[in-house]
Amino acid sequence: MNHTFDVFISGCGPVGLLGPTQQSRAFGITPHTMEIFQHHGLTYRILQQSIACRGGTLFLNGKDMGDLHFDEFDAVFPQLTFLSQSKVEAILVDEIEKIHGKIHWNTELIEYEQQKDCIVAQVKDHTSGKTFEVAAQYIIGSDGCHSSIRKQNPTWTYEGNSIQSNFALADFVLEGADISRIRNRQVVFYHSKGASVLIPLPHEDDGDSVTMRMVSNLGTYATDHGAKVTHGTDNPREELTLDQVKDLMDERMNNLQVSIKRPIWLTFFNVNERMANGFRRGRAFIMGDAAHCHSPAGGQGMNIGLQDAENLAWKLSLALNDESSDSEKLLDSYSIEREPIVRSVVDATGILTRVAMSNSFVMSLARYAGLAVAYAVPPVRRILVNRILQLDFTLGDSPIIAPPKPNERFLEQGGHSLKETRALLSKDVTIAVERKTIFEILEKWNNKHAVFWMITRQTWQQEPDVKLTNAFIDGISRYNSCRGFVFQSTTQFATFDDFNSTTQHKVVDYWIDTHAISSADSLTSKLGLTAHLTDSKSKIPPAALVILRPDRYIAYSSLVSTQLELDQAFTFMDSYLLQNQ
Ligand SMILES: Cc1cc2nc3c(=O)[nH]c(=O)nc-3n(C[C@H](O)[C@H](O)[C@H](O)COP(=O)(O)OP(=O)(O)OC[C@H]3O[C@@H](n4cnc5c(N)ncnc54)[C@H](O)[C@@H]3O)c2cc1C
């Protein structure tokens with residue numbers, strides 16, 4: 001055996017964080033994925049090269065139905081960020097090389113075997129022609145829809161269908177009188193013969209032209225339920241010509257004064273809608289297209305693949321560092337948490353595709369009525385945009401997420417992701433005043449659980465219980481995998497001096513939420529404590545205790561007024577986190 005590793009990752013796409021290509025399939029990055037990039041300090045590089053698309057326009061049978069505005073939504077990046085998959089991959093590769101060193105290019109996984117304590121893989125280096133045996137504790141297949149990791153385990157299926165008709169993809173530079181109407185927007189054209197979508201691509205804008213991608217379906221919806229996987233741009237059934245692209249534009253966009261100045265990449269591609277039956281088998285995991293593929297309607301595939309990776313990474317890290325009290329439960333939760341989200345994306349993109357491709361009279365009528373309502377009625381529009389931007393993703397039933405407590409309904413509950421805040425003020429102002437948003441504060445503690453202790457009061461209430469705060473600090477010091485945060489809301493508590501000074505700076509950070517507790521942007525409001533205080537009749541206000549996972553999803557939240565309630569939070573932590581030995 002030549003090498004031993006913690007984790008063997010097979011696959012060079014964005015999800016395995018490898019492998020630039022010339023022609024990029026994915027472009028759209030959702031706000032949720034941008035937040036993941038922010039946690040890893042990568043947003044600056046992404047934003048530097050990308051285009052921010054802040055809205056969309058819909059044409060229904062030639063009629064302009066109006067605009068959707070993404071920036072009316074509560075997200076840090078209320079936009080679709082367009083950057084080619086190859087550039088995203090290059091940024092990730094650069095980052096990996098900075099942190100971990102070498103990536104093994106041009107190297108293929110031939111086969112692997114699960115043993116009791118490890119996996120053993122046969123790997124071929126195509127540069128030297130040599131074959132190696134590699135042992136690792138875990139193996140991850142991020143090797144695309146034809147995944148060898150998945151195929152080599154006969155218990156894994158990849159059920160679903162192949163859509164039989166062709167899809168066309170055209171990247172081009174457009175010019176004409178109407179380019180200002182479509183610049184930096186996502187434009188959808190529904191027509192009786194099918195749908196076309198224009199999305200903006202990053203380019204050097206000369207003011208007279210725009211670079212865009214057009215994706216269109218051809219023919220009606222028909223599926224083949226066979227097992228053969230045909231997804232993607234690799235094996236188009238025929239070649240797409242410039243004349244065919246022009247015909248499609250004439251057919252579906254005839255109300256826009258635009259024409260092709262220069263084609264960049266024209267191809268047909270195939271769409272499959274498939275999902276594996278579970279994403280874990282013992283020491284083997286699959287993620288990204290290896291675990292699921294679907295229609296690119298809405299540009300979700302790369303995004304949910306990257307979110308798979310974010311979900312699994314910290315769990316493997318805890319298991320490998322012996323910091324989990326139940327690593328089997330923890331690792332099982334990867335598939336349990338990701339499958340419902342993936343299923344909802346596969347179903348939603350499938351419905352969108354079927355609706356777009358149907359040319360029956362009844363479906364055309366339903367499409368017209370449905371989209372007209374979606375655009376005209378704000379709550380329906382909100383649901384639509386939340387889905388496009390992936391702002392509605394929450395984790396459902398999971399063995400490592402506490403169920404909601406009915407009497408604490410205002411508190412941000414387990415399974416929800418943390419929302420960004422305005423800047424908080426560091427309690428330590430001995431050297432300089434430091435102000436940071438909650439995401440900036442957490443960046444330093446990327447690989448740890450962040451456990452919040454939020455205390456505040458209304459003016460008629462007494463100050464929160466200092467003894468309980470000290471007990472929180474003592475308790476949190478027992479977990480290497482956690483970082484404690486004491487947040488005071490408003491500056492009305494003059495000092496922290498009463499708090500346990502021996503352990504405090506080693507295990508907790510102190511920050512002050514200086515915004516009024518009623519302000520919607522304050523941390524107190526975002527965690528839902530403000531609403532409970534307004535309801536509270538108690539003289540001594542409860543604290544809010546929130547356990548935040550490294551992927552920024554809330555695992556547990558509770559109002560705490562007694563030692564018993566504090567102990568319940570630590571009991572929850574003990575269910576999968578190990579205390580220091
Ligand atoms: C036309 C089109 C447009 C799309 N647009 C969007 C979009 O706008 N937004 C979005 O989020 N998604 C989009 N997608 C989906 C997105 O491209 C995929 O979901 C994404 O590329 C999946 O990444 P991955 O890393 O899982 O797999 P892949 O990108 O397929 O990468 C898998 C890698 O594994 C390597 N590999 C395979 N077998 C082995 C082996 N045995 N050993 C070693 N390496 C191996 C391959 O060479 C490849 O590099 C689009 C897809 C299509 C087809």
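Q: Between which two elements is the loop that holds Asp178?
A: This is a predicted model: local features need pLDDT of at least 70, side-chain atom pairs count only at pLDDT 80 or more, and totals for chains, interfaces and linings use all residues. Residues are numbered from 1 along each chain as its sequence is written, and side-chain values use heavy atoms, with hydrogens and water left out. Helices (H or I, at least four residues) and strands (E, at least two) are DSSP runs, numbered from the N terminus. Asp178 lies in the loop between β11 (167-175) and α5 (179-182).

Q: Is Asp178 buried, partly exposed or exposed?
A: Buried means under 20% relative accessible area, exposed over 50%, and partly exposed in between (1.4 Å probe, protein chains only). Asp178 has a relative accessible area of 21%. Asp178 is therefore partly exposed.

Q: Which residues does Asp178 contact, leaving aside neighbours within four places in sequence?
A: Contact means heavy atoms within 4.5 Å. The C-alpha atoms of Asp178 and Asn61, 117 residues apart in sequence, are 18 Å apart in space. The contacts of Asp178 are with Asn255, Leu256, Gln257 and Val258.

Q: How many helices and strands does the protein chain have?
A: The count takes in the DSSP runs along the chain. It comes to 16 helices and 27 strands.

Q: Why is the protein chain said to be as compact as a globular protein of its length?
A: The radius of gyration is taken over C-alpha atoms, and the globule rule is 2.2 Å times the number of residues to the power 0.38. The C-alpha trace spans about 75 × 60 × 45 Å along its principal axes. For 581 residues the globule rule gives 25 Å, so the chain counts as that compact because its radius of gyration is close to this, at 26 Å.

Q: What share of the contacts with a separation of 6 or more joins residues 24 or more positions apart?
A: Burial first: 53% of the 581 residues in the protein chain are buried. Among contacts with a separation of 6 or more, residues 24 or more positions apart account for 75%.

Q: How far apart are the mean positions of the positive and negative charges?
A: Lys and Arg count as positive and Asp and Glu as negative; His and the chain ends are not counted. Each charge is placed at NZ of Lys, CZ of Arg, CG of Asp or CD of Glu. The chain has 55 positive and 68 negative charges. Their mean positions are apart by 2 Å.

Q: How many disulfides are there?
A: A disulfide is a covalent bond between the sulfur atoms of two cysteines. Here it is taken as a pair of cysteine sulfur atoms within 2.5 Å. By this rule the number of disulfides is 0.

Q: Which cysteine has the sulfur nearest to that of Cys145?
A: Cys145 is in no disulfide. At 5.6 Å, the nearest cysteine sulfur is that of Cys293.

Q: Is Cys145 buried or exposed?
A: The relative accessibility of Cys145 is 8%. Cys145 therefore counts as buried.

Q: Where is Asp322, which has a positive phi although it is not a glycine?
A: The phi of Asp322 is about 55 degrees. Asp322 is exposed, with a relative accessible area of 62%. Its place is in the loop between α7 (301-320) and α8 (327-357).

Q: Is Arg552 buried or exposed?
A: Arg552 is in the loop between β26 (543-548) and β27 (554-560). Its phi is positive, at about 70 degrees, although Arg552 is not a glycine. At 3% relative accessibility, Arg552 counts as buried.

Q: Which residues does His32 contact, leaving aside neighbours within four places in sequence?
A: His32 lies in helix α1 (residues 31-39). It is buried, with a relative accessible area of 11%. The C-alpha atoms of His32 and Phe393 are 361 residues apart along the chain but separated by 8.6 Å. The contacts of His32 are Gln307, Leu389, Gln390, Ser417 and Tyr553.
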